[in-house]
Amino acid sequence: SGAYLTRDNLVKSLKSQISTREKKIQGLRGAVIALKNEFVKAEEEHEAQVISHERRVKGIKAEGCKSESVTVKNMKSQIEALKDRIESTSNILNKSKATEERLREDNSRLREQLRDALHESEVVDDNFSRTSQDM
């Protein structure tokens, strides 16, 4: 009977670990979605800036060459900042995906352990029942 209680505790522990892993995976999914949305927003902002810049460049008169040079420098600076932000977001996204995959593998392994523990518990119960009937 002590072995059964130990197996029962093991089953409960494995179920708890699986639940914890599933919550972590759900949290990572939310983070991935948030990062994707941030990335899309950054791309949209960048595109709007490019369009705005193109309109300004077309509207600049010949005497405005100095201001065009400043505007181009500002735009280049903003583009570099956006590129850095996109790269950083992409790195975070990749790390989140790797963590999610690792958690999925852990979850799968824990489920397999749970199935094995349940099977062993059934075998012990069957053997106990047979032993009790033989007495």
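This is a short walk through the structure above, from its overall fold to a few of its side chains. Keep in mind that the model is predicted.

Let's begin with the overall build. The protein has two helices and zero strands. Helix α1 covers residues 2-59, and helix α2 covers residues 65-134. If you look at contacts with a separation of 6 or more, 89% of them are between residues 24 or more positions apart. Of the 135 residues, 19% count as buried. The protein exposes about 10100 Å², with carbon and sulfur atoms supplying 52% of that area.

His 53 sits in helix α1. With a relative accessible area of 17%, His 53 falls under the 20% cut-off and therefore counts as buried. Which residues does His 53 touch, leaving aside its neighbours within four places in sequence? They are Thr 71, Val 72 and Met 75. The second stop is Asp 106, which belongs to helix α2. Asp 106 is buried as well, with a relative accessible area of 16%. Its side chain makes a polar contact of 3.3 Å with the side chain of Arg 21.

Now for the charged pairs. Side chains of opposite charge can pair when their charged atoms come close.

Start with Glu 120 and Arg 7, whose side chains meet in a salt bridge at 2.7 Å, N to O. This pair links distant parts of the chain, since Glu 120 is in helix α2 and Arg 7 is in helix α1, 113 residues apart. Glu 120 is partly exposed at 39% relative accessibility, and Arg 7 is partly exposed at 24%.

Lys 12 and Asp 8 form a salt bridge at 3.9 Å, N to O. Because they are four residues apart in helix α1, about one helical turn separates them. Lys 12 counts as exposed at 54% relative accessibility, while Asp 8 is partly exposed with a relative accessible area of 27%.

The last pair is Arg 111 and Glu 22, which meet in a salt bridge at 2.2 Å, N to O. Arg 111 lies in helix α2 and Glu 22 in helix α1, so the pair ties together parts 89 residues apart in sequence. Both count as partly exposed, Arg 111 at 36% relative accessibility and Glu 22 at 35%. Elsewhere, salt bridges that share partners join Arg 21, Arg 102, Asp 106 and Arg 109 into one network.

How values were computed: Residues are numbered from 1 along each chain as its sequence is written. This is a predicted model: local features need pLDDT of at least 70, side-chain atom pairs count only at pLDDT 80 or more; totals for chains, interfaces and linings use all residues. Side-chain values use heavy atoms; hydrogens and water are left out. Buried means under 20% relative accessible area, exposed over 50%, partly exposed in between (1.4 Å probe, protein chains only). A polar contact is a pair of N or O atoms within 3.5 Å; within protein, one must be able to donate a hydrogen and the other to accept it, and residues adjacent in sequence count only if both atoms are side-chain atoms. Contact means heavy atoms within 4.5 Å. Accessible areas come from the Shrake-Rupley method with a 1.4 Å probe; for residues, only the protein chains shown count as cover. A salt bridge is a side-chain nitrogen of Lys or Arg within 4 Å of a carboxyl oxygen of Asp or Glu.
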